[in-house]
Amino acid sequence: MNNITLLAEIIVNVKNGDDWCCSDCFLRSVPDKLPSSVRTLDFSFNYLSSLYNTTFHRLNELVSLDLTRCGIAFIYDDIFQNQQKLEHLILTGNPIVFIADTAFSALINLKYLSMVQASVNKLTDIPIANLNNLEILDLSGNDIQSLKGLDNFYQERLKKLRLDKNSIEKIERDDLRALKDGMDISFKGNDIVSIEAGAFEALKFHSLDFSDCFNKVDISVILTGLRGVTTNILKLGVYKDSPKTFIQSLSLQNLSDVTVQEINFQLQHFKDLKTTTFEGLTNLERLDFTRTHMSFLNIHISSLIHLVLNENNFEDICNISMANFSDLTHLSIRGNLWSKGLTLQKSCLASLSLLERLDLSHSNLKTGASCCANQLSGLSNLKHLNLSYNFAMQWDPLPFNATPQLRLLDCSHLYFTLNSSAPFQNLLLLETLNLSYTSVDLSNLHLFEGLKKLRLLNLKGNIIQGGTVTETTFSAHFLNTPLLQNLILSACGITSIEKKAFQVLSQLVYADLSENELLLLTTSAFFSLKQIHLNFARNTIVTVEVRDVEDLGENSSIDLSHNPLACNCTNIQFINWVKANGRKMKHLEETVCAATKPKSIDYIISNTATHF
Ligand SMILES: *[C@@H]1O[C@H](CO)[C@@H](O)[C@H](O)[C@H]1NC(C)=O
Ligand SMILES: *[C@@H]1O[C@H](CO)[C@@H](O)[C@H](O)[C@H]1NC(C)=O
Ligand SMILES: *[C@@H]1O[C@H](CO)[C@@H](O)[C@H](O)[C@H]1NC(C)=O
Ligand SMILES: *[C@@H]1O[C@H](CO)[C@@H](O)[C@H](O)[C@H]1NC(C)=O
């Protein structure tokens, strides 16, 4: 055993100052080598079996201690008497048999305690009494059968209590008496059988999670039990491996006795949703119907502002009665699963005049002969539109004519055919445009016309004809986008960049030219190097002229990692510059020479004598 400990002491390694990691090192005690100044200690996957008042005695600066899966069975009195600074304690995955009542008595500053899968049977076994600053208690994955003892959890600051995957069947009024307002409580994955009438009456929560609690009862039993509660968030979903159940409209009747702003029903099946099903929910603002197996939706909730319909089976967006959600500001129909495509016809969204964010990504959108002026008509307040990863579409001359307020447009991985030379002409407020992997024709000099406020342009993965970023073409492009700060031209097959190609971009602070085929670094293309981050990683740059880097300002940096740099006399000036300016080099340790055995330029610098 001593040998193991010795070996482990060698393995113990400093991560960063007082942050130590000795995870999985076959340790059976805290090594003497560990300084008493350690603040963060990851001691997981070692072997301790019992914790005594001497185990951590010396480590009186501890703030965070991870004891995940250390085989701890016995926790005796006052084990942390010198650890008053401890804030985080993780006891996950220990087969705890005994905890003394005074085990944690010194932990007056503890904020987070995890006893996940720690063989806890009763809430009364947890010596919580002195933990006056406890904010989060995670008791998931134990075998707690009742909430007896919860009335001792009156900790002033307790905000979050997780009781996921225990064996709680009954919730009684007296159990919940001591809970403060505004907590997050999760009962996720318990097979609830009954909730005493009025148990939640007049209680106020930030969130209540009853997802996956429907194996033994209908959802109506839980909703009846929740009568009178107020909560910002209510989770009533299930998980992929939960047994399939069908929710009937009638079962949701008691929702109207709950005051709630946000409900999540992910992965549920609804049998007979009616327009009136949710009508009693006058405060409901957000509704999440992710993967609820829907192909049409006609419910009425006048207060709703945020609707998530991701991963459903809609065939046509018109099968969602948008007119019932006239206050909606956020709508997400991402990842629709109907394989033949999601039809987006004229005016289906037209009633959503307050909509600000629309996500239609990954949904196999079918937009008919021409998009998107009619399809987006009425969305005059739209600010974010995500059309990424969809079927090819034919654009109108001004596809976003109906949405002149757009700030962000994401068309990544979308193949569109233009019907005019300047499709974005009316988007005078657009700040972010993602045209990555779109095969857009960059020889069209009118493409970016109108984009006077553009700050970020992502053109990744569009091949530039001939491989050269020419001054004529790109100056013409960028004259249209004078405020551009971020330019992404990564993976564009670029072999050379002409002088001054980016010179009109006086506000540029980040240029990504990685994953191209550049042989030479050319920084003369930029307006200024005073304050800019240049990413030239993963090109084929062999030599670097020092004049290309020496003007990089104190707040500038360059990434030349993964280039086949020559570490011989040809690059001596550059290498000398790196010696003095290492901090301006991003990913220096991945910046290697192109010798058969790659050597980090770091290494070259410290061994220059032998190389030059
Ligand atoms: C640890 O506990 C033992 C008895 O349980 C006690 O005799 C001893 O004084 C304690 N050690 C310290 C350092 O308090
Ligand atoms: C658009 O959607 C895609 C896919 O769902 C996502 O990866 C991307 O981050 C979204 N874009 C923005 C700007 O949020
Ligand atoms: C498109 O680019 C923007 C900005 O770089 C980014 O936030 C977004 O996630 C990108 N979209 C996809 C699908 O990668
Ligand atoms: C340095 O190496 C590069 C690439 O292998 C080569 O082209 C160049 O001629 C070499 N310079 C000298 C001085 O040997």
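Trainee: Where is serine 207 placed, and why is serine 207 called buried?
Mentor: Serine 207 belongs to strand β15, residues 204-209, in this predicted model. Its relative accessibility is 15%, and buried means under 20%, so serine 207 counts as buried.

Trainee: Which residues does serine 207 touch, residues up to four places away in sequence not being counted?
Mentor: With that exclusion, serine 207 touches Met183, Asp184, Ile185, Thr231 and Ile233. Contact here requires heavy atoms within 4.5 Å.

Trainee: What makes threonine 277 buried, and where does threonine 277 lie?
Mentor: Threonine 277 lies in the loop between β19 (269-270) and β20 (286-288). Because its relative accessible area is 14%, against a limit of under 20%, threonine 277 is buried.

Trainee: How do you know that the side chain of threonine 277 makes a polar contact with the side chain of serine 249?
Mentor: The distance given for this pair is 2.7 Å, and the cut-off for a polar contact is 3.5 Å. The side chain of threonine 277 also has a polar atom 2.7 Å from the backbone nitrogen of lysine 274. Leaving out residues up to four places away in sequence, threonine 277 touches Ser249 and Leu252.

Trainee: Why are the buried residues of α4 said to line one face of the helix?
Mentor: In α4, residues 572-581, the buried residues are Phe574, Ile575, Trp577, Val578 and Asn581. Viewed down the helix axis, these residues fall within an arc of 155°, so they line one face of α4. In general, an α-helix has 3.6 residues a turn, so residues three or four places apart point the same way.

Trainee: Which exposed residues does the face of α4 turned away from its buried side carry?
Mentor: That face carries Gln573 and Ala580; exposed means over 50% relative accessible area.

Trainee: Which residues of α3 are buried, and what do they pack against?
Mentor: In α3, residues 471-479, Thr473, Phe474, Ser475, His477 and Phe478 are buried. The buried residues of α3 pack against β31 (456-458), β32 (468-469) and β33 (486-488).

Trainee: What surrounds ligand 3, and how is that shell divided by class?
Mentor: Ser388, Tyr389, Asp410, Ser412, Asn434, Leu456 and Asn458 surround ligand 3. The shell has two nonpolar, four polar and one charged residues.

Trainee: Which polar side-chain atom lies 2.3 Å from an oxygen atom of ligand 3?
Mentor: That atom belongs to asparagine 434. In the side chain of asparagine 458, an N or O atom is 3.3 Å from an oxygen atom of ligand 3, and aspartate 410 has a polar side-chain atom 2.7 Å from a nitrogen atom of the ligand. The protein buries 55% of the 360 Å² that ligand 3 exposes when taken alone.

Trainee: Which residues are around ligand 2, and what classes does the shell contain?
Mentor: The residues around ligand 2 are Arg334, Ser361, His362, Asn386, Ser388, Leu408 and Asp410. By class, the shell has one nonpolar, four polar and two charged residues.

Trainee: Which polar side-chain atom lies 2.7 Å from a nitrogen atom of ligand 2?
Mentor: That atom is in aspartate 410. Oxygen atoms of ligand 2 lie 2.9 Å from a polar side-chain atom of serine 361 and 2.3 Å from one of asparagine 386. Of the 360 Å² of accessible area that ligand 2 has on its own, the protein covers 52%.

Conventions. Residues numbered from 1 in each chain as written. Chains lettered and ligands numbered in written order. Predicted model: local features only at pLDDT ≥ 70, side-chain atom pairs only at ≥ 80, totals over all residues. Heavy atoms only, no water. Near = heavy atom within 4 Å. Polar contact = N/O pair within 3.5 Å; in protein donor to acceptor, adjacent residues only side chain to side chain. Areas by Shrake-Rupley, 256 points an atom, 1.4 Å probe, with all protein chains shown as cover. Nonpolar A, V, L, I, M, F, W, Y, C, P; charged D, E, K, R; others polar. Buried < 20%, exposed > 50% of the residue type's maximum accessible area, 1.4 Å probe, protein only. Helix = DSSP H or I, 4+ residues; strand = E, 2+ residues; numbered from the N terminus. Arc of directions from axis to C-beta.
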